Amino acid sequence: MPTPSPAALPIRRLTPRDLTACADLSEDRGWPREEHKWGFLLTAGKGYGIDDPAGGLVSACVVTEYGPQERPDLGAIGMVLVAERHARRGIGRRLMRHVVDAMGTTPLTLHATPYGQPLYEELGFKVAGRAEMLRGHFTGTSAPTITTRAVTAEDLGAIVRLDEEVFGSDRTHIITRLPAFADQLRVAEEHGRIIGYAGAWPNMETQVVGPLIARDTETAKALIASLAAHTDRPLRTDIDVRHEELLAWAKGHGLASVAFNSVMTYGIPELPGDWTRRFAPLTVAAG
């Protein structure tokens, strides 16, 4: 029997049982395995992939939906990968077209590397913004002026409400998973009212800071400093480039610029919500 062409192989839904295959695919393309993140995305979102008859995956991606379960109002596409041995054959384009079609009229967003951006533009995605990835050991010494503390179970309702107001869509299914996913989850408060929150979760040798939602830049600074104070690992985060003051502050406290991604949208001109209080995503793969 001849081996089927990858272009003819069926696209199927992935499940958490595909975690190892997804991590293998990441490693094949020179990415970290990121099993912790893959597990979260495959549980909270919808994975799509193409099986390789020789074993493993030809291609994969994940879509995280937000809003009402029966009719999401936003979908974030991430972790779009094609195995090196099958690269440059149009497989990524085919998988992306399948996902866009499957999402119907739901607006979409994704973070694109310079390498992937031309494909997404070809599919109709438009650049709506940029994010800058920072990484390094935080070196802050000054005490923050805003009170922060660890999240308790009683805080989750207030966090969900604040997050929906800022993000512009209901992320309850993401927020309620954060206590188990993140090593740290902290809130900033003023007069007993939560004015921001942030998580830090393990990703290989780093702690990724995200999501980062805050009333203003000073609150965002306090949350980052408080997360850094409770880990020995270097921090990594992806900050909206419009937050110039926070970026300059972070670079002045040990974090260095690593890369830029384009924030792209499909079906909407820009992301919903209040960008002035949305500083960093949970992960670029989930919008």
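Which strand gives the most to the lining of the largest cavity? The model is predicted.

1. Largest cavity: contributors. The answer is strand 11, which supplies 3 residues of the lining. Strand 11 covers residues 235-240, and strand 10 (206-214) likewise gives at least two residues to this lining.

2. Largest cavity: size and lining. A search of the whole structure turns up 1 cavity of 30 Å³ or more. The largest cavity holds about 40 Å³ of space. Its lining consists of Val208, Val209, Arg236, Thr237, Asp238, Pro281, Leu282, Thr283 and Val284. By class, these lining residues are 5 nonpolar, 2 polar and 2 charged.

3. Largest pocket: size and centre. The volume of the largest pocket is about 1100 Å³. It is lined by 35 residues, and those closest to its centre are Trp31, Val80, Thr113, Tyr115 and Tyr120. Two or more lining residues come from each of strand 4 (74-82), helix 3 (91-102), strand 5 (108-112), helix 4 (117-122) and strand 12 (256-266).

4. Largest pocket: composition. Strand 4 makes the largest contribution to the lining of the largest pocket, at 6 residues. The lining of the largest pocket divides into 20 nonpolar, 8 polar and 7 charged residues.

5. Second largest pocket: size and centre. This pocket has a volume of about 410 Å³. Of the 30 residues lining the second largest pocket, Asp240, Arg242, Val263, Leu271 and Arg278 are nearest its centre. The elements with two or more residues in the lining of the second largest pocket are strand 4, strand 5, strand 6 (126-136), strand 10, strand 11 and strand 13 (278-280).

6. Second largest pocket: composition. Strand 6 provides the largest share of the lining of the second largest pocket, 4 residues. The classes in the lining of the second largest pocket are 18 nonpolar, 5 polar and 7 charged.

7. Helix 8 and helix 9: geometry. Two packed helices are described by the angle between their axes and the distance between the axes. For helix 8 (residues 217-228) and helix 9 (residues 244-251), the axes come within 10 Å and cross at roughly 30 degrees. Helix 8 is therefore roughly parallel to helix 9, since angles under 35 degrees count as roughly parallel. The crossing of helix 8 and helix 9 is right-handed.

8. Helix 8 and helix 9: contacts. On the helix 8 side, the contact is made by Thr217, Glu218, Ala220, Lys221, Ile224 and Ala225. On the helix 9 side, Glu245, Leu246 and Trp249 take part. The residues of the contact of helix 8 with helix 9 comprise 5 nonpolar, 1 polar and 3 charged.

9. Backbone details. Most residues other than glycine have a negative phi, and most peptide bonds are trans. Two places deserve a look on this account. Glycine 210 is joined to proline 211 by a cis peptide bond, with omega near -5 degrees. Proline 211 belongs to strand 10, a strand that also gives at least two residues to the lining of the largest cavity. Glutamate 34, although not a glycine, has a positive phi of about 50 degrees. Glutamate 34 sits in the loop between helix 1 (19-28) and helix 2 (35-44).

Technical notes. Residues numbered from 1 in each chain as written. Predicted model: local features only at pLDDT ≥ 70, side-chain atom pairs only at ≥ 80, totals over all residues. Heavy atoms only, no water. Axes fitted to C-alpha atoms, helices over the stretch in contact; angles between N-to-C directions. Parallel < 35°, antiparallel > 145°, perpendicular 65-115°, else oblique. Left-handed = near helix turned anticlockwise from the far one by under 90°. Contact = heavy atoms within 4.5 Å. Nonpolar A, V, L, I, M, F, W, Y, C, P; charged D, E, K, R; others polar. 1 Å grid on protein atoms, 1.4 Å probe; cavity = no way out; pocket = protein on both sides within 12 Å on 5 of 7 lines; lining within 4 Å. Points joined across faces, edges and corners; volume = space filled by probe spheres on them.
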